[in-house]
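Student: Hi! Could you walk me through this fold while I look at it?
Tutor: Happy to, let's start once it is on the screen.

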Amino acid sequence: MSVALVTGANRGIGFETARQLVELGHLVYIGARDAERGGEAAASLGARFVQLDVTDDLSVANALGTIGDVEGQLDILVNNAGIQEFGDIDGPMALRAFDTNAVGVVRVTEAALPLLKKSSNPTVVTVSSSAGSFWAVNNPDRVESQLRNLLYAASKAAATMLTVQYAKSHPDIKFNALEPGYTATDMTAAFDGGRPPAQSAQTVVRLATLAPDGPTGTFQDEDGHLHW
């Protein structure tokens with residue numbers, strides 16, 4: 001039984017990713033800032049809960065320490081936690097966006113590395129966005145070219161680059177980033193439409209359950225590799 005940690009997993013794509021991993025027989029830890037909501041989500045899925053705020057070094061260290069003490073290793077890490085800021089842009093807003101969407105990936109991944117290295121098939125998936133793809137935002141045939149979301153796009157571009165660099169730095173671990181597709185979640189509530197989170201989670205789960213010889217250092221969506 002593989003051990004998985006999904007950050008920001010009390011709702012949306014993270015919750016559906018956790019649910020699908022549980023259904024596949026994995027032992028899943030739901031990481032969430034809010035202990036009450038995270039605990040309820042874990043209980044509803046038959047998963048386990050760890051309090052985890054990706055912007056807090058101590059919270060991250062405690063969460064991975066708990067998993068290490070109980071399980072001894074980590075096989076799957078899904079960096080799903082993220083935010084989208086709205087309103088007038090200023091320095092504090094930029095710091096919040098990058099702290100969660102990019103620096104948070106570093107915090108959690110660095111804390112998880114010792115446990116991942118104990119796995120026979122370690123895999124890290126980062127939920128990024130094609131809004132951070134240079135190719136997509138400059139392609140008039142892509143909807144991303146019409147988006148104006150400065151901080152979210154820039155921080156997700158950073159998250160994708162972190163994925164590629166981690167893959168180069170740790171060739172014994174598979175690191176892949178993905179565009180999950182336009183999804184109806186709390187984060188996208190200000191916009192109309194979006195598909196069910198369960199559909200988008202399927203791509204996350206596919207990358208999280210790659211065979212040992214699976215790809216690494218890629219940026220993908222449900223159809224395969226994406227330019228970025």
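Student: Before we start, what does contact mean here?
Tutor: Contact means heavy atoms within 4.5 Å. Keep in mind that this is a predicted model.

Student: Okay, which residues of α1 and α2 meet?
Tutor: From α1 you have F15, A18, R19 and V22, and they meet A41, S44 and L45 of α2. Sorted by class, that contact has five nonpolar residues, one polar and one charged.

Student: And at what angle do the axes of those two cross?
Tutor: Roughly 30°, and the axes of α1 (residues 12-23) and α2 come within 10 Å. Since angles under 35 degrees count as roughly parallel, α1 is therefore roughly parallel to α2. The crossing is right-handed.

Student: I'm looking at E40 now. Where does E40 sit?
Tutor: E40 lies in helix α2, which covers residues 35-45.

Student: Is E40 buried or exposed?
Tutor: Exposed, because its relative accessible area is 51% and the cut-off for exposed is over 50%. Its C-alpha atom is 8.1 Å from that of N10, although E40 and N10 are 30 residues apart along the chain.

Student: Back to α1. What about α1 and α7: how do their axes cross?
Tutor: They cross at roughly 60°, and the axes of α1 and α7 (residues 197-208) come within 8 Å. This crossing is right-handed.

Student: Which residues make that contact?
Tutor: On the α1 side they are G12, I13, E16, T17, R19, Q20 and L21, and on the α7 side P197, A198, S200, A201, Q202, V204 and V205. By class, the contact of α1 with α7 has seven nonpolar, five polar and two charged residues.

Student: New topic: how many residues are in the largest nonpolar core?
Tutor: There are 24, and L5, L52, L64, I67 and L74 have the most contacts inside that core. At least two residues each come from β1 (3-7), β2 (27-32), α3 (57-71), α4 (91-116) and α6 (150-169). The largest share is from α4, with five residues.

Student: You listed L5 there. What is L5 in contact with?
Tutor: Setting aside neighbours within four places in sequence, L5 is in contact with Y29, G31, V50, L52, L64, I67, L74, I76, L77 and V78. There is also a second, separate core of 23 residues, which includes V6, I30, A42 and V127.

Student: What about A63, buried or exposed?
Tutor: A63, which is in helix α3, is buried because its relative accessible area is 1%, where buried means under 20%.

Student: And what does A63 touch?
Tutor: Not counting residues up to four places away in sequence, A63 touches V50, Q51 and L52. From A63 to F49 the C-alpha distance is 9.2 Å, and those two are 14 residues apart in sequence.

Student: Last one: how do α4 and α6 pack?
Tutor: They pack at about 20°, with axes 8 Å apart. That angle makes α4 roughly parallel to α6. Here α4 passes α6 in a right-handed crossing.

Student: Which residues meet there?
Tutor: From α4, M93, A94, A97, F98, N101, A102, V105, V106, T109, E110 and L113 meet L151, Y152, A154, S155, K156, A158, A159, L162 and Y166 of α6. In that contact, 15 residues are nonpolar, three polar and two charged.

Note on methods. Residues numbered from 1 in each chain as written. Predicted model: local features only at pLDDT ≥ 70, side-chain atom pairs only at ≥ 80, totals over all residues. Heavy atoms only, no water. Helix = DSSP H or I, 4+ residues; strand = E, 2+ residues; numbered from the N terminus. Buried < 20%, exposed > 50% of the residue type's maximum accessible area, 1.4 Å probe, protein only. Axes fitted to C-alpha atoms, helices over the stretch in contact; angles between N-to-C directions. Parallel < 35°, antiparallel > 145°, perpendicular 65-115°, else oblique. Left-handed = near helix turned anticlockwise from the far one by under 90°. Nonpolar A, V, L, I, M, F, W, Y, C, P; charged D, E, K, R; others polar. Core = buried A, V, L, I, M, F, W, Y, C linked by side-chain atoms within 4.5 Å.
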